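Student: I've got a protein model open and I'm a bit lost. Could you show me how to read it, one feature at a time?

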Amino acid sequence: MDPSSASVHSDYFAGGDVAKRGGAPSGDVAGSGGEWMASMAHDLLQATDAVEATRRERVEDGWEVVDSRAVDALQLKRTEFVVRGTRRLVVYETADQDRTTAACMLDGEEPFGSVTWPAAFAAATALVRIAKARGSLRGLTILELGAGTGLVSLVAHAWGAKAVATDNTEVSLRVLRASRAELSDAKRFVVCALDFSKEADVAAAVRRLGPFDVVVAAATLYVPGLARATARAVVASRATARLVVDPTPVGRAAFIEELRADAEFQEAMVESSAVRVAGRDESYSCPYDGAYARGFEDLNAPE
């Protein structure tokens, strides 16, 4: 990375602009114990049976519906956030992480996108600081890879950008659509199913939804294979600016190797002054390791 651009990027991360929300994500997404899993699976199968019964009733009534999934039976919880003291946004997550893990196992998908991870707060920090420096994010189109609950995309939308939130798991797509339904200007918030490990799918998304000014990936480097896929997708997005945030050293090395470019990860600061839960008085600040940013100085001037 060019030293001069590194100093520009460090301005975005120093000082911090986003709150870490209520501690670590609730529940153990990895799950433990055969007895626990059997109990959760039993409960989810019962709930899925109820969803299937509703599906059959709708088919009989002439509705066009898709096959039911275990994640369709999960309850969602709604949390309101305040962005920089004025803008408000709603993020949905699944209400019970144990049940989410069981449901995702039944459906054969990962449960990780059903909660908001610390990396998303660090990425949102950068976008808030960029928005402050520019006055807004209006005129920019931002692509988020592996959006999960969509905090980063929702913050981008709150600051005026068009956000394209992508994920390849049904549980994430469900919470993203729930959050989108809360927006007054939902046209600027696109939810798209995308497996970014498939280069042809990324290319198709760029043709259909691009061009993109910024590509963001948060917490997608936790295994080397996915880290390499992140690097390829970041390049394939053809975005002017790139932001990748993840603390995983092994994945980070694989990402840089696949990128085949000079890249460095910086410390990002997370503070409660940027995004906080509505109605909660808190003062929070911590360093987060680490964030890769490039190309923000090349973005077009704000509209």
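This is a predicted model: local features need pLDDT of at least 70, side-chain atom pairs count only at pLDDT 80 or more; totals for chains, interfaces and linings use all residues.

Student: Okay, so at what angle do α8 and α9 pack?

Tutor: Helix α8 covers residues 224–236 and helix α9 covers residues 249–259; they pack at about 40°, with their axes 8 Å apart. The two helices are therefore oblique to each other. Their crossing is right-handed.

Student: Which residues of α8 and α9 meet there?

Tutor: From α8 you have P224, A227, R228, T230, A231, R232 and V235, and they meet V250, G251, A254, F255, E257, E258 and L259 of α9. Sort the residues of this contact by class and you get eight nonpolar, two polar and four charged.

Student: Let me compare with another pair. How do α4 and α5 pack?

Tutor: Helix α4 (residues 118–134) and helix α5 (residues 151–158) pack at about 20°, and their axes are 9 Å apart. That angle makes α4 roughly parallel to α5. This crossing is right-handed too. On the α4 side the contact uses A120, F121, A123, A124, L127 and V128, while α5 supplies L151, V152, V155 and A156.

Student: And how many nonpolar, polar and charged residues does the contact of α4 with α5 have?

Tutor: It has 10 nonpolar residues, with no polar and no charged ones.

Student: Next, burial. Is α5 mostly covered or mostly open?

Tutor: The general idea is to ask how much of each residue's surface is still accessible: under 20% relative accessible area is called buried. For α5, seven of its eight residues are buried, so the helix is mostly covered. The buried ones are L151, V152, S153, L154, V155, A156 and H157. After α5 comes G160, and its phi is positive, near 105°.

Student: What share of the protein's residues counts as buried?

Tutor: Out of 303 residues, 50% count as buried. The protein has nine helices and 10 strands.

Student: Now salt bridges. How many does the structure hold?

Tutor: To read one, look for a side-chain nitrogen of Lys or Arg within 4 Å of a carboxyl oxygen of Asp or Glu. This structure holds 12 of them. One of them joins R69 and E170, with their closest N and O atoms 3.4 Å apart.

Student: What about E80 and R88: how far apart are the closest N and O atoms?

Tutor: They are 2.5 Å apart. E80 is partly exposed at 28%, whereas R88 counts as exposed at 55%. R188 and D185 make a salt bridge too, at 2.7 Å from N to O. There, R188 is partly exposed at 24% and D185 is partly exposed at 29%. Salt bridges can also share partners, and in that way E199, R228, R232, E257 and E258 are joined into one network.

Student: Last one: how far apart are K198 and A233 in sequence and in space?

Tutor: They are 35 residues apart in sequence, yet 8.3 Å apart in space, going from C-alpha to C-alpha. K198 lies in the loop between β5 and α7, and its relative accessibility of 44% makes K198 partly exposed. Across the protein, of the contacts between residues at least 6 apart in sequence, 72% join residues at least 24 apart.

Notes. Residues are numbered from 1 along each chain as its sequence is written. Side-chain values use heavy atoms; hydrogens and water are left out. Axes are lines fitted to C-alpha atoms, for helices over the stretch in contact, and angles run from 0 to 180 degrees between N-to-C directions. Helices (H or I, at least four residues) and strands (E, at least two) are DSSP runs, numbered from the N terminus. Angles under 35 degrees count as roughly parallel, over 145 as roughly antiparallel, 65 to 115 as roughly perpendicular and the rest as oblique. A crossing is left-handed if the near helix is turned anticlockwise from the far one by less than a right angle, and right-handed if clockwise. Contact means heavy atoms within 4.5 Å. Ala, Val, Leu, Ile, Met, Phe, Trp, Tyr, Cys and Pro count as nonpolar, Asp, Glu, Lys and Arg as charged, and the others, Gly among them, as polar. Buried means under 20% relative accessible area, exposed over 50%, partly exposed in between (1.4 Å probe, protein chains only).
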